[in-house]
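Hi,

Here is the structure I said I'd hand over.

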Amino acid sequence: MVRLNDILEEVRSYQPDVNLDLLEKAYVFSAKVHKGEENLSGEPYLNHPLEVGYLLARLRMDLDSVITGLVHDVLEENLTDAATLKSLFGEVVAELVEGVTQIGRMSFRNVAERQAENFRKMLLATARDIRVVIVKLADRLDNMRVLSQQPEAVRRVVAQETFDIYAPLANRLGISWIKCDLEDYSFRYLTPEVYYELASRVAKKKGERDEYIEEAKKKIEQKLAEHGLVGKVTGRAKHLYSIYLKMERQGIDFDQVYDLAAFRIIVGELSECYAVLGIIHSTWKPIPGRFKDYIAMPKANMYQSLHTTVIGPYGERMEVQIRTEQMHRVAEEGIAAHWMYKEGRVAGSLDAGEDGQMAWLRKLLEWQQEVTDSREFMRSVKFDLLSDSVFVFTPKGEVKELPKGSTPIDFAYSVHSKLGDHCTGAKVDGRLVPLRTELVNGNIIEIVSSANQTPSKDWLNFAKTTKARNKIRQWIKTEERSKSIEIGKELLEKELRKHGMGLKKTLAGEAFQKAISDLGFRGDEDVLAALGYGKVTLGQIVTRVLPEVERPEPAAALPAPGGKTRPTPSSAIRIHGLDNVLFRFAKCCNPLPGDAAIGFITRGRGITVHTADCPHILEEDPERCVEVTWDEREGANRSVKIRVLCHDRKGVLAAITGAITDCEANIVSATITSGNGDHGINLFEIEVNDLNHLNKVFNSLMRVKDVYRVERVRS
């Protein structure tokens with residue numbers, strides 16, 4: 001349990017001359033207002049603000065931040081007011097406590113919205129003072145430590161929010177140890193079975209791992225001494241979530257993870273980092289492709305270090321990080337290591353260098369008000385805020401920071417919305433390139449534009465930033481709606497003319513207004529747009545506005561040759577609300593009976609059926625999507641592509657094709673290639689009845705010896 005003296009000693013270690021009277025006063029105040037309060041385990045509630053204060057002291061934060069940690073929740077619990085805080089501890093502390101309180105005070109209708117709204121509030125608070133977020137991270141870390149006291153439902157919600165928001169934010173701010181702790185706690189409560197199984201297996205290897213770490217440390221220290229270098233060598237076990245992530249990413253079992261330990265070498269000078277790297281590589285064989293120089297090219301969160309992986313003692317992989325003491329502090333404390341407060345400076349303001357480092361945060365504020373859908377906001381946050389950046393130049397030499405993966409379209413919209421709308425091409429480093437080209441650090445971008453150019457729906461396939469995607473969607477939606485209204489008007493006017501009726505008079509008539517209501521639309525333009533899209537038919541409208549005497553009788557089935565009635569043809573798809581509509585299956589996702597499916601109205605080509613999770617349909621206008629279901633009576637075969645990965649052994653191909661045909665699936669085509677080493681890659685196009693039939697084929701293939709993966713291929 002943390003005591004006040006622990007916090008005082010920690011603060012004195014990095015601010016020996018600071019007056020700690022105000023800190024002691026904050027402790028007394030916090031103890032007084034929380035007197036008699038207990039947490040769910042029955043311990044004094046005061047333990048929580050003490051822990052938060054100590055975490056902030058460990059981060060070497062300024063005195064105002066540590067004081068804020070001790071009193072951070074007194075406003076949220078209505079134990080005092082802002083005026084009292086200001087009179088006791090000053091304006092800065094009062095503002096910091098208000099900022100922390102604003103992040104989580106409101107309640108929301110659902111989890112996704114609450115997360116998005118909380119993050120918006122956090123961004124706004126951060127714009128005023130970054131220390132608000134650092135205090136909030138310390139608060140969340142201590143809450144995660146005691147999360148087991150909460151009910152199961154609360155644990156999952158808090159853990160998911162921590163995993164989605166706070167852990168990546170700690171990483172973006174460069175506070176690596178908080179990021180690792182938050183990830184491990186989230187992992188524990190989101191997937192407890194996996195967590196405890198992995199923790200148990202790691203614990204069983206602890207003795208063996210500790211022995212290995214000690215031996216490798218001595219070897220590194222010996223080699224440094226031989227070359228006259230002094231460095232601090234430490235070895236540590238990787239945190240559980242990073243081990244799990246590696247297993248998932250590489251598709252391997254725990255027993256195949258060889259680099260469970262990582263070594264860190266901290267030296268005095270930058271030049272010594274590269275000297276140590278040479279020693280490590282001359283002692284053990286480096287693994288190609290596993291060296292990264294984050295000193296020459298720091299990460300976006302200011303992290304600097306040399307990373308290499310070598311074949312260490314006993315032939316096991318060994319990860320080594322090399323850095324200076326200053327680099328180590330930045331790696332551990334991130335932005336907190338740069339947060340220096342000067343006399344006469346506005347509290348929490350950023351100087352020129354820091355403003356550049358935190359520009360990513362201010363940039364989000366420019367567009368976060370525009371995004372109303374919480375899920376889109378969260379997707380945007382995860383891409384724009386939590387991914388790495390690229391730095392490119394305008395022709396005049398102005399630097400633009402964009403998320404990694406951005407294209408010239410994103411650059412154009414970052415300069416100006418109109419430049420983006422009228423972009424026809426781009427020159428990167430003087431050469432014309434396609435608009436889907438990914439930008440890299442140092443590119444000089446020149447946008448070619450034309451007044452006749454307008455945004456294209458295809459741009460959504462490679463535009464990455466929220467601003468660009470929002471502007472493209474906005475233009476497309478407005479343009480398509482206008483076109484659909486005009487098409488709807490023309491179709492309706494032409495049909496009404498056959499019955500001697502005029503469009504203008506019909507639209508103003510009572511029957512048409514009732515038809516709008518019956519069909520579930522709000523106004524004239526909505527129903528005309530739906531008619532233009534093809535979402536409603538002329539018959540659905542006209543039969544409601546014609547006088548009853550003129551309304552057509554339902555059509556009887558046409559007689560087939562020989563006098564027999566022709567039955568309505570069966571269909572693999574039933575389209576809700578529409579009859580006798582032409583449909584086709586999308587080649588991008590190739591849906592099978594049994595897949596969750598959705599229909600997209602395509603002008604002149606009927607309905608295109610996609611799988612519900614198809615990336616292409618997710619980008620389309622939702623107003624043109626219709627609900628569809630599979631007709632289980634239809635037994636037609638559907639073609640699907642599958643990929644079978646196997647070890648390249650004699651007879652394995654015959655076994656694979658036999659497994660497919662044994663399931664009564666027809667092989668339409670096959671492409672067989674040999675990969676690296678002894679691996680074979682087999683691409684088959686087969687015909688199956690439905691998803692269950694495909695799963696039967698998959699199960700049969702996985703029983704073939706030497707087959708280790710079977711997957712469905714989507715174009």
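Let's start with two residues: Phe 187 is buried, and Tyr 241 is buried too (buried means under 20% relative accessible area, exposed over 50%, and partly exposed in between, with a 1.4 Å probe and protein chains only). Before I go on, some ground rules: this is a predicted model, where local features need pLDDT of at least 70 and side-chain atom pairs count only at pLDDT 80 or more, while totals for chains, interfaces and linings use all residues. Residues are numbered from 1 along each chain as its sequence is written, and side-chain values use heavy atoms, with hydrogens and water left out.

**The overall picture**

The protein has 28 helices and 20 strands. These are DSSP runs numbered from the N terminus, with helices being H or I of at least four residues and strands being E of at least two. Of its 715 residues, 45% count as buried. If you take the contacts (heavy atoms within 4.5 Å) between residues at least 6 apart in sequence, 64% of them join residues at least 24 apart.

**Aromatic pairs**

Searching the whole structure turns up eleven aromatic pairs. Rings of Phe, Tyr and Trp (its six-membered ring) pair if their centres lie within 6.5 Å; planes under 30 degrees apart count as stacked, over 60 as edge-to-face and the rest as tilted.

Back to Phe 187 and Tyr 241: their ring centres are 5.7 Å apart and their planes sit at 65°, so this pair is edge-to-face. It links distant parts of the chain, with Phe 187 in helix 10 (residues 176–190) and Tyr 241 in helix 13 (residues 240–250), 54 residues apart.

Then there is the pair of Tyr 212 and Tyr 314, with ring centres 6.5 Å apart and planes at 45°, so that one is tilted. Tyr 212 lies in helix 12 (residues 206–226) and Tyr 314 in the loop between strand 5 (306–311) and strand 6 (317–324), so the pair ties together parts that are 102 residues apart in sequence. Which of these is buried and which is exposed? Tyr 212 counts as buried, at 10% relative accessibility, whereas Tyr 314 counts as exposed, at 63%.

There is also a cluster: ring pairs link Phe 163, Phe 187, Tyr 195, Tyr 196, Tyr 241 and Tyr 244.

**Helices that pack together**

Two packed helices are described by the angle between their axes and the distance between the axes. Axes here are lines fitted to C-alpha atoms, for helices over the stretch in contact, and angles run from 0 to 180 degrees between N-to-C directions.

Helix 3 (residues 47–58) and helix 4 (residues 63–71) pack at about 160°, with their axes 7 Å apart. On the helix 3 side, Pro 49, Leu 50, Val 52, Gly 53, Leu 56 and Ala 57 meet Ser 65, Val 66, Gly 69 and Leu 70 of helix 4. By class, that contact has seven nonpolar, three polar and no charged residues. Ala, Val, Leu, Ile, Met, Phe, Trp, Tyr, Cys and Pro count as nonpolar, Asp, Glu, Lys and Arg as charged, and the others, Gly among them, as polar.

In another pair, the axes of helix 8 (residues 131–145) and helix 9 (residues 152–172) come within 11 Å and cross at roughly 140°. That makes helix 8 oblique to helix 9. The residues of their contact divide into eight nonpolar, one polar and three charged.

Asn 78 lies in the loop between helix 4 and helix 5 (82–89). Its phi is near 55°, a positive value in a residue other than glycine. At 63% relative accessibility, Asn 78 counts as exposed.

Finally, Glu 711 is in strand 20 (residues 707–713) and is partly exposed, with a relative accessible area of 24%. Leaving out residues up to four places away in sequence, Glu 711 touches Lys 641, Ile 642, Arg 643 and Phe 698. Glu 711 and Arg 643 are 68 residues apart in sequence, yet 5.3 Å apart in space, C-alpha to C-alpha.

Cheers

Note on methods
Parallel < 35°, antiparallel > 145°, perpendicular 65-115°, else oblique.
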